[in-house]
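Here's a quick briefing to read with the model open beside you. Let's walk through a sheet and some charged pairs.

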Amino acid sequence: ARDQDGETEQVAQAAIEHTPKDEDVRIPRGNAVDLVGERKVLQRRMWQGQVIGEEVEICLRNHSDQAVEIGVREHLEGSERGDWQITRQSHAHEKKDAVTAAFRIQVPVDGETVLRYSWEAK
């Protein structure tokens with residue numbers, strides 16, 4: 001990250017366990033104490049014991065002195081075959097894989113942005 005003078009400074013560090021050759025590595029970025037997210041499922045639709053759709057609201061708050069972009073990745077429970085669609089959304093999404101929708105949300109300085117979306121199995 002950059003400090004107040006624009007100089008680069010280390011703000012976190014992570015230990016990486018042994019990984020096999022030519023495999024992907026996930027590096028945790030840590031927690032941002034001034035960013036808060038609250039997720040609520042407003043409605044869940046079930047069929048034969050499986051989730052087949054949801055309406056979701058995620059409130060993102062930024063208590064820092066800079067506007068931020070927050071990446072939100074949602075695992076769409078019950079959509080393992082990849083046959084799902086976002087039916088309503090307040091922000092654009094990208095289908096990352098068979099079960100993951102990704103959103104990029106801008107949150108203003110000391111402000112709040114609410115992401116709302118609905119999905120259903122096809």
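Thr-87 comes out as partly exposed, because its relative accessibility is 38%, between the 20% and 50% cut-offs. Bear in mind that this is a predicted model. Thr-87 sits in strand β4, which covers residues 84-89.

**Around Thr-87 and Ser-118**

- Setting aside neighbours within four places in sequence, Thr-87 touches Ser-118, Trp-119 and Glu-120.
- Thr-87 and Glu-120 are 33 residues apart along the chain, yet their C-alpha atoms are separated by 7.0 Å.
- Ser-118 belongs to strand β7 (residues 111-121).
- Ser-118 counts as buried because its relative accessibility is 5%, and buried means under 20%.
- With neighbours within four places again left out, the contacts of Ser-118 include Glu-54 and Glu-55 as well as Gln-85, Ile-86, Thr-87 and Arg-88.

**The sheet**

- Four strands make up an open, antiparallel sheet, in the order β1-β2-β7-β4.
- At the edges you'll find β1 (35-47) and β4, each with a single partner strand, so one side of each has no neighbour in the sheet.
- On average, neighbouring strands here are turned by 20° against each other, ignoring direction.
- β1 and β2 (residues 50-62) run antiparallel and are joined by 12 bridges.
- Lys-40 faces Glu-57 in β2.

**Salt bridges**

- How many salt bridges does a search of the whole structure find? The search turns up 8.
- One of them pairs the side chains of Arg-61 and Glu-38, at 2.7 Å from N to O. Arg-61 is in strand β2 and Glu-38 in strand β1, so this pair ties together parts 23 residues apart in sequence. Glu-38 is partly exposed, at 39% relative accessibility.
- The side chains of Arg-44 and Glu-54 also meet in a salt bridge, at 2.6 Å from N to O. With Arg-44 in strand β1 and Glu-54 in strand β2, the pair ties together parts that are 10 residues apart in sequence.
- Are the two partners buried or exposed? Arg-44 is partly exposed, with a relative accessible area of 41%, while Glu-54 is buried at 2% relative accessibility.
- Arg-104 and Glu-69 form a salt bridge too, with their closest N and O atoms 2.7 Å apart. This one links distant parts of the chain: Arg-104 lies in strand β6 (residues 100-107) and Glu-69 in strand β3 (residues 68-75), 35 residues apart.
- Arg-104 is exposed, with a relative accessible area of 54%, whereas Glu-69 is partly exposed at 42% relative accessibility.
- There's also a network of salt bridges linking Arg-39, Arg-44, Glu-54 and Glu-74.

How values were computed:
Residues numbered from 1 in each chain as written. Predicted model: local features only at pLDDT ≥ 70, side-chain atom pairs only at ≥ 80, totals over all residues. Heavy atoms only, no water. Helix = DSSP H or I, 4+ residues; strand = E, 2+ residues; numbered from the N terminus. Buried < 20%, exposed > 50% of the residue type's maximum accessible area, 1.4 Å probe, protein only. Contact = heavy atoms within 4.5 Å. Pairing = 2+ DSSP bridges. Axes fitted to C-alpha atoms, helices over the stretch in contact; angles between N-to-C directions. Salt bridge = Lys/Arg side-chain N within 4 Å of Asp/Glu carboxyl O.
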